Amino acid sequence: MPSWSISDSDSLYGVSKWGAGYFFIDESGAVSVSPLKDGASIRIADVIAEAKARGLRLPLHIRFQDILQDRVRRINEAFSDAIAESGYTGSYQGVFPVKVNQMREVVETLMDAGAEYDLGIEAGSKPELLLALSLHRDYDRLLICNGYKDAEFMRFALMGRKIGKKVVVVAEKLEEVKALIDVSKALSVRPLIGIRVRLATRGSGKWATSSGDNAKFGLSTVDLLEALALLDGAGMKDCVSLIHFHIGSQIPDIQVVTRSVREGARFYAKLARLGCPIEYVDVGGGLGVDYDGSRSAVPSSANYSLREYANTIVYGIKEICDEEKVPYPTIVSESGRALVAHHSMIAAEAFGRIKKQGVSRIPQIPKNAHKVVRDILEVRDTVEAGRYDEAFHDLVFYRQQANTLFDLGYLDLQSRAIVESASWEIAADIARHFEGQSRASDEIKELVASMKDQYLINFSVFRALPDSWALDQLFPVVPLQRLDAEPTAKGTIVDITCDSDGKIDAFIGDGENDRKFLWLHEIGKEPYYLGFFLTGAYQDTLGDMHNLFGRMDEAHVIVDPDEESGWYIDETIEGDTIREVLEENEYSASELVRSMKQQVEQAIRSDVVKPSEGMKILGEFEAGLKRYTYLDTPERNA
Ligand SMILES: *Cc1c(COP(=O)(O)O)cnc(C)c1O
């Protein structure tokens, strides 16, 4: 048999496909990252080692700040190339929608990297607006306000306008236009008004309902005309400076982009012809990330490149403007996911494996074993005779019978142990036979699917990958080491929350079909780390505190040719302590300690524990409040 090579691992895990030039497997079989795609690379295992040396723990959230920089550059260059090639005489300006990742370092890095491209910022709520107002210091950049707004929201926005910022307030509905007129008058400021139009073009993929006639956002054409009349009446028609649409995040199919851009550009052109001096056409977000590397129109992928996306938008708007003989607007896009998804990942340790195959060590069978025990063991003969369907039905029948007998008290523990282990062995044989066969019945398919080993990972899916749980979104998962060796176990992933939903059982496959398991290695003496990739968009703030697992420790990695290793950890952020997650749920740590102290004192008084033991328990409790919420270094079992 030819030995396993790194390229086998690469095709198995698709690293060079979804890695987008940033992630690859190096010659030692370890996942590495080249944040600037320039050859300088960092082995992720080295980052983990360095982070541990600096006192950080796993699970570890790793950010590659240079990837953010690279994404800003690439998106802007895609648009400037498309503009140059098409002869479009307008320009392009991006804005970063902060809802995609509000973390300070992420937003600050993007704002720095975006300086030469006038990358602006988009806010969709009052807290985001206050954040944006303060961070937005360069007035050539845009500050766009989306989302539903009250009068206070508008006042904040217009205060920004008053001090000279290019704040555009995008009206999501007719009432907002009315309110905006009033607030502007009260503050005596000329606003920059954006109108979100409701396109008939529907998105596709998981966020399709952000557009179409039933969407919760945007003005219908009737409302749009009324808004114009209102603005005209108030002498503010010339304040309309932006047309906005956003048909949903992660658009997998470029045809949908084509249709929506043309429809949106047509709105722009018609309004321009009605005398609105609109300067910007804002195409919203939606630029997809190829999470599964298949470059196809499935929800976890996108069937187009960055450049094709930019071309589609630039050429689409140009063509409509040429037809309608209106000026070329400045093109704005609000790509969030495509800017930040790649820069962050999570490393976590697999510390245990719940085996489903090859486990059964059938215990000694006592002479007087119950008949059902012998019946089950005989199913092995049916398997051996190749009658797999029959074996499956018999197995289900006798297994049920055994359960009933146990419930009624007729089966002892030893017999039950034999039944369990023989059942696993037989089920494994049946599953092996039906693996990959489409003609199997649904129950057998279910059995096949359930026969994967479960790898226990010291992290929380709800915290680290909420969209995997909530939306079945696929994220790349790859062992971070040993990729020069063939993985021999089929596994799914289970986390340490006490929730059966805390699992991952769909992985990137061939585009059309997910894979129901991941090939993994045996867990050995060395820690076995898995990497969860492309987690930079939405996961950080959507991640929740289920089971009170808090924020993870974080390491921010910067490329630096002056360093011997070529990189360094710039900043570390300690994750939540137990005390912090408790306090976030309104408990007071000192109250908890006081209550514990009373109980220990009571136990001492009643002579349940010695005073010295009691004090030790109390000391550990108090120290415990400062600890990490995840497992320390769990005992590994292979
Ligand atoms: C969420 C959102 C975005 C970001 O979309 P991505 O697909 O992440 O680029 C942009 N604009 C608006 C109005 C949004 O609500």
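The strands here are DSSP runs of E with at least two residues, numbered from the N terminus. I noted that this is a predicted model, in which local features need pLDDT of at least 70, side-chain atom pairs count only at pLDDT 80 or more, and totals for chains, interfaces and linings use all residues. Residues are numbered from 1 along each chain as its sequence is written, and side-chain values use heavy atoms, with hydrogens and water left out.

I then followed the two strands: β5 (residues 92-97) pairs with β12 (residues 330-333) in the parallel sense over three bridges, where pairing requires that DSSP finds at least two bridges. Both belong to a closed barrel of eight strands with parallel pairing, in the order β5-β6-β7-β8-β9-β10-β11-β12.

Next I turned to the ligand, which is surrounded by 17 residues, the closest being Lys99, Ser249, Glu334, Gly336 and Tyr538; a residue counts as near if one of its heavy atoms lies within 4 Å.

For polar contacts (pairs of N or O atoms within 3.5 Å), I recorded that a ligand oxygen atom is 2.5 Å from an N or O atom in the side chain of Ser249, and that an oxygen atom of the ligand is 2.6 Å from an N or O atom in the side chain of Tyr538. For Arg337, a backbone N or O atom lies 2.9 Å from a ligand oxygen atom. The protein covers 92% of the 390 Å² of accessible area that the ligand has on its own, by the Shrake-Rupley method with a 1.4 Å probe.

Note on methods: A polar contact is a pair of N or O atoms within 3.5 Å; within protein, one must be able to donate a hydrogen and the other to accept it, and residues adjacent in sequence count only if both atoms are side-chain atoms. Helices (H or I, at least four residues) and strands (E, at least two) are DSSP runs, numbered from the N terminus.
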